Amino acid sequence: MIPALRVRGLFCALVNHQGGDVFPAVVEPWLDEHADVVREALAPLAAFGGWKRPTEYEFGDLLETAYALSRVSDALIYKFQPVSPPGSGITWAQDIHQPERWPQITRDQYLAAFTRLGMTPIGEAAFEPFFHEVVHVEQDEHPKAPVQITGTVWPGLMFGEMLFSRVGVRVRAGARYLVAGIADQSPLHGVFMRRHRESLDGSLGWAGNSQWKTDFRRDYVTDAAFHFAVDEAPDSDRNSFGEPRGLTPAERSDLVRYRCRTRPIQDPAGLNTPPGGRLTLPRRP
């Protein structure tokens, strides 16, 4: 069985499990049987520039395998997250997958599972959108106040130099950087599922095998730079149809880095614009 199908099997077993014993009943047995194979299969993704997709499509390749594993991760951290604000309604993804029925595990169990798959936890550090996903914004009265982390909601993971999942954080920030109600509530792109906000990825609207032909977005950190969306074409002010995207360069950069809008945009035409192409930014000393 190819690794992607092994991971899909785990996801299906998780979301169909009833009861509070999901880790010993489902996760641990799966790890015992499949963790080594999946970890070794994904190993070429760990280093920046270490793997490129062949021109001929192969079902269940490394990007599809990593995507399937990211769905497992999203299922396991779902109950760590706050519920949606009153009046938000149910998102399309939530309506399809009914995640409130999904089981819950502890933080230690989550980290233990992904450690066996070759992941390492992201340590404590100052806020950086490469590593941190904004869950809640407390608006600082001073617009120029920098972003400060005030709490952690779920852990994040690295796979070598590749980002696997960001740390979910609560922050306090001035409106020059993040605006409450936008940075923590606008649609989150390239993410399968969140409990507290809308999420959008390539699987939505597809059924059966087709939904699993979704690519994992690869972001890497090296000593010199952050490399976002490395499998995409370079960032551009025009979409794939050659039409203006309605965003300023700073807005496009933020959308790629944060995977969501962070502040009001200048041109309403860009309101529903998805992130653009790949982006490389130097690391601060």
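Before judging any residue, I wrote down the scale: buried means under 20% relative accessible area, exposed means over 50%, and partly exposed lies in between, with a 1.4 Å probe and protein chains only. I also noted that this is a predicted model, where local features need pLDDT of at least 70, side-chain atom pairs count only at pLDDT 80 or more, and totals for chains, interfaces and linings use all residues. Residues are numbered from 1 along each chain as its sequence is written, and side-chain values use heavy atoms, with hydrogens and water left out.

**Entry: strand β10**

Helices (H or I, at least four residues) and strands (E, at least two) are DSSP runs, numbered from the N terminus. Two strands pair if DSSP finds at least two bridges between them.

I started with β10, residues 225–228. Is it covered on one face or on both? Both faces are covered: A225 and H227 are buried on one side, and F226 and F228 are buried on the other.

I then looked up the partners of β10. Strand β9 (residues 220–221) pairs with β10 in the antiparallel sense over two bridges, and Y220 stands opposite H227. Three residues lie between β9 and β10 in this hairpin. Strand β11 (residues 279–282) also pairs with β10 in the antiparallel sense, over four bridges. There, L279 is the bridge partner of F228.

**Entry: a three-stranded sheet**

I found an open sheet of three strands in the order β2-β6-β3, with mixed pairing. Its edge strands, β2 (132–139) and β3 (148–154), each pair on one side only. Neighbouring strands of this sheet are turned by 25 degrees against each other on average, direction ignored; the axes are lines fitted to C-alpha atoms, and angles run from 0 to 180 degrees between N-to-C directions. β2 and strand β6 (residues 167–173) run parallel and are joined by seven bridges. V137 has V171 in β6 as its bridge partner.

**Entry: cysteines**

A disulfide is a covalent bond between the sulfur atoms of two cysteines. The rule I used asks for a pair of cysteine sulfur atoms within 2.5 Å. How many disulfides does this rule give? The count is zero.

**Entry: positive phi**

Most residues other than glycine have a negative phi. I noted two residues with a positive one. Q98 is not a glycine, yet its phi is about 50 degrees. Q98 sits in the loop between α4 (92–97) and α5 (107–116) and is partly exposed at 42% relative accessibility. R259, also a residue other than glycine, has a phi near 70 degrees. R259 lies in the loop between α6 (249–258) and β11 and is buried, with a relative accessible area of 9%.

**Entry: the second largest pocket**

A pocket is an open set of points on a 1 Å grid where a 1.4 Å probe fits, with protein on both sides within 12 Å along at least five of seven lines; lining residues have an atom within 4 Å of a point. The second largest pocket holds about 470 Å³ of space. It is lined by 18 residues, and the closest to its centre are F127, E128, P129, R257 and R284. α6 gives the largest share of the lining, three residues.

Conventions:
Grid points are joined across faces, edges and corners, and a volume is the space filled by probe spheres set on the points.
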